[in-house]
Every structure is written in structure tokens, then in C-alpha cells.
Amino acid sequence: MRSILAIMGSNREAKIGAVIVAVFLLTAIVVGVATALGITVTPYGPVQTDTGPKLAPPSLSHLFGTDLLGRDVFSRIIVATPNDVSVGVGVVAFALVVGLIIGSIAAVKGGLLDELLMRFTDVVFALPALVIAMVIAVALGPGVTNMMIALMIIWWPPHARLARGEALKVSHQNYIRSARLAGLGTWKIIFRHVIPNIFVIMLVYATLDVGTVILVYAGLSYLGLSVKPPAPDWGEMVSAFQDYLITAPWLPIVPGLIISIGVIGFSLLGDGIRDALEAG
Amino acid sequence: MNLPQYVLRRLFFAVIVVLSVITITFVLSHYVGSDVIVAWLGKSAALHPQLAQLYAAKYHLNEPIWVQYYYYIVGLLQGNFGYSPSRGFLPVLAVIGQTLPLTLQLVFFAFVISLGLGVLLGALSARYGHTYVDGGIRAFYLAGYSSPPFFVALVLLIVFASILQLLPSGTAVDSSLAQPSLISGIPILDSLLEGKWAYFASAVEHAILPSLALALVTFGVITRILRSSLMEVLQMNYIRTARAKGLDENAVFYRHALRNAFIPVVTLSSIILTWLITGTIFVENVFAYPGLGQYVVTALLGQDYPGILAATIVFAVTIAVGNLVADLLYAVVDPQIRLG
């Protein structure tokens with residue numbers, strides 16, 4: 001692990017990715033904690049109107065300008081950070097755990113259980129994920145948590161497939177055979193030997209996947225399936241201001257770019273860890 | 001396993017997937033919204049309670065969900081997808097007939113652009129590996145696949161349709177033009193077959209921006225895999241032999257390396273296809289392109305569950321067919337692959 005960090009440290013792209021991811025995570029945590037405690041950390045309240053002139057261009061007092069109700073766009077973007085970050089990280093963390101469990105059980109147990117688990121995974125994998133997530137989201141009603149649940153239900157199969165493949169490689173190795181001969185139970189083998197050995201590879205895939213989930217979430221939010229106005233959300237901000245692209249271009253462009261930058265951060269970080277793994 | 005056996009197995013699996021989609025979506029869509037009658041009829045539901053009752057009876061809305069499921073499956077087997085409240089109670093099948101061909105057009109163009117751009121840039125990237133060309137291409141595709149499709153679509157719409165006014169936006173064709181006759185059902189293809197050039201040109205013009213938006217967010221996956229696959233192939237012995245024989249670098253690259261590096265691209269094409277098909281949901285809504293992606297969103301927001309169900313089934317079937325074709329292609333391209 002230490003050598004991986006060392007190699008990553010010499011990779012410029014991985015460093016940029018790590019910095020972007022750190023900034024997004026920190027912002028999300030700070031805003032999340034502050035909101036829970038009822039403290040305002042942003043220059044203005046996210047739903048506070050008439051903080052300045054309406055549709056003002058970016059300036060020192062309004063970094064990203066103001067919208068047509070005179071709300072401060074910078075404050076709204078900062079306050080929306082926990083939505084996208086928590087959906088991205090939450091959905092992938094869930095998929096990672098479910099994937100690790102299903103994949104390693106299938107690989108270690110083999111036989112009928114393997115067949116059943118993997119065929120079930122195949123069926124869920126073949127569902128049109130985005131459409132099903134949309135239907136689940138509408139059925140559950142709007143909201144960030146419901147959107148997260150909708151995506152969790154549908155997102156784990158690729159993780160399970162990858163975990164099974166990696167666990168199969170590991171489980172044919174001698175130390176697992178000897179652990180089995182020594183009479184270690186399946187669960188102990190899975191948790192002590194299999195999962196620790198496939199975890200890093202799964203983590204690379206998970207890091208890359210966070211960006212994809214953020215993109216999908218932003219898309220659902222753009223279609224109006226996530227937060228209810230006036231609560232801010234990046235995808236929703238793009239759609240609410242798309243008619244202002246010529247008269248007040250910063251309104252839709254800034255939230256759109258923020259989404260892209262966040263996704264690029266996770267992609268660069270994931271690529272960096274993978275390159276480091278291959279080199280190390 | 002031989003090819004026909006493999007096809008049968010895959011078909012059987014596809015049927016299971018489609019059945020699960022129907023069941024899952026059927027159950028879910030019944031929890032979409034609280035009062036379906038109000039959503040469907042609007043104010044008339046309260047003004048005309050008898051009408052509301054008639055509708056409820058006609059669509060079995062007061063029956064338990066399994067009874068409704070039974071009626072739905074029976075209807076499906078008879079080719080009846082129900083009626084779409086968000087489209088003035090038109091038969092859903094007719095709405096699908098209007099919208100799906102438009103979406104398929106977009107996906108086709110997007111696939112061609114994505115593949116063309118992806119292969120071209122992937123080859124360039126490997127040919128000039130670790131140079132500024134390579135770096136520039138990497139920055140371009142990274143930005144592409146990290147951007148939300150709706151955002152890319154929006155930027156294209158504003159730049160090319162609103163500011164430069166080079167290309168039209170909204171609708172799928174200039175509405176003053178007469179429709180081509182139904183041959184394949186796909187307007188662009190039919191107008192081409194019939195020689196209706198004005199219609200053909202207009203339909204292509206309307207499809208360029210939406211399909212370009214879809215291509216820009218997907219081509220990077222192809223570029224990336226082709227680059228790394230080419231880099232690997234270029235290290236192999238047979239390439240060294242070709243070089244040692246005195247072949248010039250271009251011949252080695254294009255004739256020997258590119259062909260073998262292509263296999264992972266074919267595998268990937270089924271994933272790309274899935275992304276393109278679901279990506280139309282975002283892109284069609286930005287461009288007001290009246291395809292299946294736009295229909296599914298209006299159906300969702302209008303609690304039109306016959307529409308939601310049918311659109312979801314059609315998406316699932318399209319993706320299943322796309323994957324099947326890509327897998328078969330893969331088996332044909334690479335004889336080393338064992339089917340199964």
C-alpha cells in the first residue's frame with residue numbers, strides 16, 4: 001500500500017485527481033455537518049432571495065453571479081455539494097459491499113449457489129439501469145435519499161461480477177487451499193483471505209465508478225426527479241437556467257462544469273491508483 | 001458449444017430479462033403517484049365522477065395488482081400495450097411506433113460518429129504515444145466522458161443552433177415537409193429509399209446535434225481501450241518481425257497492429273450501445289427531439305404507467321438485442337473465443 005502511494009505521488013494526473021476529490025469530499029462533509037448543526041457556512045443562505053441585483057454577472061461579492069430571484073449562485077452550488085457526493089459515494093460503497101459479498105461467496109462456494117447468484121446478477125445487470133432507476137425514483141417520490149436508494153438497487157451487478165472474477169483467481173492459490181484443508185469455514189476464508197486480497201482492485205473500480213454515479217444522478221436531477229425547488233442541486237440548476245445560456249451564461253455553465261470537474265477528479269484518481277498497481 | 005446453441009441460449013436469457021423487466025416495472029409503476037385517475041383526467045375526474053368510474057372500470061384500476069398484471073400480460077400477448085394518457089389516450093403501440101424509429105435513428109448516427117471518432121483518435125493516440133498529440137487527445141476524451149450528456153447537448157444547442165444558427169433544433173424534421181411512405185418505419189431510411197431528398201436532408205440536419213452530443217460523451221471509452229490495446233500489440237513479436245522485415249512504420253501500424261488491436265473495441269461496442277440508447281433520454285429532452293427518450297420522461301412525470309411500462313420494455317428489448325448482436329459479432333471477429 002505504501003509503495004502504491006509513492007508511485008501515485010509521482011503521477012501528476014493522480015495528484016490532480018486526489019486534490020479535486022479531496023476538495024469535493026471536504027466541502028460535502030463541512031456543509032453536511034454545518035447544515036445538521038444549523039450553521040450557515042456560505043456567504044449567503046442557499047434559498048435567500050435578493051442578496052444582490054437579479055441576474056448579476058460574477059463579481060467579488062457574488063463569485064458565480066446571482067440568479068433571477070437574486071439568490072447567490074456560489075452559495076447554492078456549495079450547499080448542493082453533499083447531494084452529489086453522498087449519492088456518488090453512498091451508491092458505490094453499497095455496490096462495493098454487496099459486490100464483494102456476492103462475488104466472493106459465489107467464487108468460494110461454487111456449484112449451484114455460484115450459478116444461482118451469478119444468473120441473478122446477470123438478470124439485474126441486463127436491466128436498463130437508468131430507466132429502472134427513474135421508475136423506482138418516481139415511485140419512491142423525489143428526494144436525494146430516495147434517489148440514492150433507487151440507484152443502490154440497480155448498481156451493484158458489475159461490482160459482483162468483478163469481485164467473483166478476482167476472488168476466483170485468489171481462491172485457486174495455495175494459501176487458500178491450505179486454509180481450507182486446515183478446516184477454516186467458508187465465511188472465515190472469505191473475510192480473512194479472499195476479501196483482503198481483492199479489496200484494492202475493487203477499490204480502483206469503485207473510485208472510477210463514483211464519477212459515473214454522479215453523472216447519472218446529475219442527469220436524473222436535470223430531468224426533475226431529485227430535489228424539490230427551492231432546494232439547490234447541480235443538475236436541477238442546469239435545467240432551471242438553460243434558457244439563460246445566452247443572456248446569463250454563468251448560470252447553467254458553472255453547475256455543469258462543477259459536475260464535470262468532480263467526475264474528472266474521480267477518473268484521474270482511479271486511473272492513478274490503477275497505474276500504480278500495475279507498476280507496483 | 002456451437003453457434004446455434006449459443007444463440008438459443010442467449011435468446012432464452014434475453015426472454016428472461018424482458019419478463020423480469022415487465023414484472024419489476026409493472027409492480028413499481030403502480031406505486032408511481034397516488035391518484036392515477038386524477039393524474040390522467042385532471043380536473044374532469046372531480047367534475048365527472050361517473051367518467052372517472054368508467055375509466056377505472058375500463059382499465060381495471062380498482063382490481064388487485066395481480067389481476068391487473070394478468071390483464072396486462074394477456075393484452076401484451078395480443079399485441080395490446082394499453083392506451084397512453086399522456087398522449088391523449090392514443091394506443092401505446094402507436095406512440096412507440098412514432099417515437100422508437102426516431103430514437104433508433106439517433107442511436108445509429110451516434111454510434112457511427114462515436115466509433116469513427118473513437119477509432120481515429122485512439123489510433124492517433126497510440127501512433128504518437130507519449131507526445132503532445134497523445135496528451136491532447138487524452139484531455140479531450142477525459143472531458144468528454146466526464147461531462148453530463150445533457151450539459152454537452154445544451155452547449156452544442158446554444159453554440160450551433162442559437163448563436164451560429166447552423167443547425168436546427170427541436171422536432172425531428174421540418175414539419176412543412178410531407179412524410180415519406182412507410183417502408184421500414186424509420187423516416188430517414190424511408191425518405192432515402194423513396195428519394196424524398198428535402199425530407200432526408202432536413203431529418204439528417206435535425207439528427208446531427210443530438211447524435212453528436214451522444215457521441216462526444218461515449219467515444220472516449222473506445223479511444224482509451226484502442227490506445228492501450230494498440231500499445232500492447234505494438235510490443236508483440238510479430239510486430240517486431242514485421243519491422244525487421246523492413247516494412248515501413250505505417251504499414252506495420254495500419255496493416256498489422258490495428259487489425260488485432262480491434263478486438264476489445266468490438267466487445268466494448270455493446271456497452272457503448274447501452275449507453276447511447278439510455279443517453280437518448282437526456283439528449284432528446286434537451287433538443288425536444290420527439291423520440292422514445294422524451295416519451296418516457298413525459299410518461300413518468302404524467303403518471304402514465306402504460307407508457308412507462310411500454311417504454312421501459314422497449315428500452316430493455318432494444319438493449320438486449322443490441323447486446324446479442326455485439327456478442328455474436330465478437331464470436332465472429334475472434335475465432336479464439338470459446339462460446340459460452
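Predicted model: local features only at pLDDT ≥ 70, side-chain atom pairs only at ≥ 80, totals over all residues.
## Helix α4 of chain A

The buried residues of α4(A) are A:D114, A:L117, A:M118, A:T121, A:D122, A:V123 and A:V124. Their cover includes α3 (73-109), α6 (144-155) and α7 (157-171) of chain A, together with α1 (3-29) of chain B.

## The two domains of chain B

Chain B is assigned a domain 1 (3-92) and a domain 2 (93-333), and the contact between them takes 34 residues from domain 1 and 27 residues from domain 2. The C-alpha centres of these two domains lie 31 Å apart, and the domains bury about 2600 Å² between them, 70% of it on carbon and sulfur atoms. On the side of domain 1, B:F81, B:R87 and B:V92 lose the most area to domain 2, together 22% of what that side buries.

Between the two domains of chain B there are 0 salt bridges, whereas 9 residue pairs are found in polar contact across the interface. Elements that each supply at least two residues of the domain 1 side are α1, α2 (36-41), α5 (65-77), β1 (83-84) and β2 (90-91) of chain B; the largest share of that side, 12 residues, comes from α1(B).

## Residue B:L234

B:L234 is found in the loop between α10 (197-233) and α11 (237-244) of chain B, and it counts as buried because its relative accessibility is 13%, under the 20% cut-off. Leaving aside residues up to four places away in sequence, B:L234 touches B:I239, B:R243, B:F253 and B:A257; B:A257 is 23 residues from B:L234 in sequence and 6.4 Å from B:L234 in space, C-alpha to C-alpha.

Notes:
Residues numbered from 1 in each chain as written. Chains lettered and ligands numbered in written order. Heavy atoms only, no water. Buried < 20%, exposed > 50% of the residue type's maximum accessible area, 1.4 Å probe, protein only. Helix = DSSP H or I, 4+ residues; strand = E, 2+ residues; numbered from the N terminus. Contact = heavy atoms within 4.5 Å. Domains from an automatic or database assignment. Buried area = accessible area lost by both parts, 1.4 Å probe. Salt bridge = Lys/Arg side-chain N within 4 Å of Asp/Glu carboxyl O. Polar contact = N/O pair within 3.5 Å; in protein donor to acceptor, adjacent residues only side chain to side chain.
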